[in-house]
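Here is a friendly walk through the model, one topic at a time. Please keep the 3D view open as you read.

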Amino acid sequence: MNPHPHTTDKTGFDYMANSGREEQDRDAVGIVLALGLMGLLTLCQYLGLY
Amino acid sequence: MRQPLTRPVDVASQCKAPVEPCVVPAYGYRRVSFLSCLYSLEEALPGLLAMFFIAICSNNLMGVPNPFTLENLFTYLDNVIGPVNGQPFFQIMNSNFVWNALLLGLIVGNAFGVPDCWKRGLSYIHKLMPLGIIMLGPHFVLSHAAKAGLGPIALAAAMLLVTASLTLWLSRLLKVDDRQASVIAGGLVTGDPHACVILMPMIKAKGGQVVNASIGVILFGAVASLVAPWLVRHLDISAQGAGLALALGIGNGAQAVSAGFDAGYEAGRYAGYYGIVRHVLMPAGFLYVFAVMFWRKLRHSHDASVQATRGVESVPLYLYVFAVVWALANIHLFKEPAHHAIFNLVKWDFSLAAAALGLSLPLREIWVWGLRGLALTSLVGTIRLLAVLAVVWACLKNGWLVL
């Protein structure tokens with residue numbers, strides 16, 4: 001099967017592929033960022049900073 | 001002995017025009033912590049900048065005073081064209097922060113290709129999707145629908161479950177790929193093609209399937225918004241009943257409101273009023289589709305034709321987090337200014353992710369999924385519209401619903 005021209009680089013890295021340990025790590029980063037950003041914005045609200 | 005950082009693999013035979021053996025940096029070899037998926041700044045920056053510039057040229061994003069955006073171009077064209085039943089034409093065609101960025105990404109990717117140096121950065125789409133899904137939680141507050149009354153809420157919930165189940169069942173008869181059918185189900189039941197993109201990582205759908213399905217949902221909604229007012233005028237129901245039927249029968253907000261105003265001024269106002277009922281139930285729609293398809297995959301794990309959620313070993317953690325955030329939103333933890341700030345970040349997030357998705361798709365990957373999806377969407381959408389009209393008419397005639 002030919003590598004996907006838009007998503008795969010010459011090293012074989014496919015940026016739309018998402019599985020295994022890397023997927024779990026990416027999810028973890030997304031979750032940490034989401035909770036951090038929402039927590040910060042909500043905290044600012046409760047501290048009267050808006 | 002220390003593991004090598006890279007694993008040399010000769011994939012020359014797989015490359016179209018190989019000039020030298022390629023080196024595949026396997027993730028497991030370079031992983032130190034979960035932050036290893038961020039890659040180095042040097043690797044990620046070009047792709048991140050590509051997403052950034054596509055996003056800020058697509059949408060009016062908070063903090064970026066760029067007037068030359070696709071969103072502003074569509075607004076200008078809306079003013080040139082003039083409103084259709086009081087609604088901007090590009091709103092009816094579902095122009096929004098997801099589809100603007102996706103469209104510009106598609107144009108850039110298909111016109112100029114995607115340089116290899118962008119690809120590590122573009123893989124951030126897989127971090128942006130769970131991030132955006134979780135941050136959508138505060139957007140759906142059930143009490144916002146309370147003023148509509150229990151009857152319309154129950155009707156909306158029933159419509160949601162029946163439409164999703166019918167879509168997934170009929171997809172087997174029409175031989176539509178189950179991943180695409182799931183995405184169509186999400187788009188139809190929520191009435192918002194955003195849900196197609198939200199379902200992509202949960203279902204493990206292909207990008208081409210998502211865009212193909214979304215185009216079908218938008219096109220069907222546009223046609224339905226022209227036909228539905230004609231049907232409503234032939235039914236002896238109140239403007240309020242017509243607004244409810246159109247909001248639930250067509251789904252998409254601007255399309256339903258456009259159809260409502262076509263049927264009459266008050267019906268248009270009520271279509272907008274009842275749109276919130278459909279909106280706050282949106283998470284239930286995509287969670288239901290995921291749950292059904294995940295359960296189906298567990299039951300038929302050896303069936304090669306079952307592709308939806310294939311590769312998803314357990315319910316993703318970010319869905320649990322989303323459910324908790326949604327619950328917190330419903331006890332009004334996120335007050336109004338914070339909610340707005342969070343939603344502005346959601347716009348940023350999905351604009352960036354949609355840019356990466358658009359870049360990933362040659363046009364043929366959208367068309368290759370053919371017209372079966374559109375056929376399924378049209379069939380289910382028509383059945384839903386007729387069923388909702390019939391149920392609302394029966395409820396009003398028998399006094400089960402006082403509108």
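## Before we start

A crossing is left-handed if the near helix is turned anticlockwise from the far one by less than a right angle, and right-handed if clockwise. Helices (H or I, at least four residues) and strands (E, at least two) are DSSP runs, numbered from the N terminus.

This is a predicted model, in which local features need pLDDT of at least 70, side-chain atom pairs count only at pLDDT 80 or more, and totals for chains, interfaces and linings use all residues. Residues are numbered from 1 along each chain as its sequence is written, while chains are lettered from A and ligands numbered from 1 in the order in which they are written.

## Helices α8 and α19 of chain B

Helix α8 (residues 150–173) and helix α19 (residues 372–398) of chain B have axes that come within 10 Å and cross at roughly 150°. That makes α8(B) roughly antiparallel to α19(B). The crossing of these two helices is right-handed. Axes here are lines fitted to C-alpha atoms, for helices over the stretch in contact, and angles run from 0 to 180 degrees between N-to-C directions. Angles under 35 degrees count as roughly parallel, over 145 as roughly antiparallel, 65 to 115 as roughly perpendicular and the rest as oblique.

On the α8(B) side, the meeting residues include B:L155, B:M159 and B:T163, and on the α19(B) side they include B:L376, B:L379 and B:R384. The residues of this contact divide into ten nonpolar, three polar and one charged. (Ala, Val, Leu, Ile, Met, Phe, Trp, Tyr, Cys and Pro count as nonpolar, Asp, Glu, Lys and Arg as charged, and the others, Gly among them, as polar.)

At 1.5 Å a residue, α17(B) should span 34 Å, and its end C-alpha atoms are 35 Å apart, which agrees. The expected span is 1.5 Å times one less than the number of residues.

Helix α2 (residues 41–58) of chain B packs against α17(B) at an angle of about 115°, with the axes 8 Å apart. The two are therefore roughly perpendicular to each other, and α2(B) passes α17(B) in a right-handed crossing. Among the residues making the contact are B:M51 and B:F52 of α2(B) and B:S351 and B:L352 of α17(B).

## Where chain B meets chain A

How many residues of chain B are in contact with chain A? There are 49, facing 31 residues of chain A; contact means C-beta atoms, placed from the backbone, within 7 Å. The largest share of this side of chain B, eight residues, comes from α7(B). The residues on this side divide into 33 nonpolar, nine polar and seven charged.

B:Y318, found in helix α16 of chain B, counts as buried with 22 C-beta neighbours inside 10 Å. Leaving out residues up to four places away in sequence, B:Y318 touches A:D27, A:G30 and A:I31, along with B:P130, B:I133 and B:I134. B:Y318 and B:P130 are 188 residues apart in sequence, yet 6.0 Å apart in space, C-alpha to C-alpha.

Terms used. Two residues are in contact if their C-beta atoms, placed from the backbone, lie within 7 Å. A residue is buried if 20 or more other C-beta atoms lie within 10 Å of its own, exposed if 12 or fewer, and partly exposed in between; C-beta atoms are placed from the backbone.
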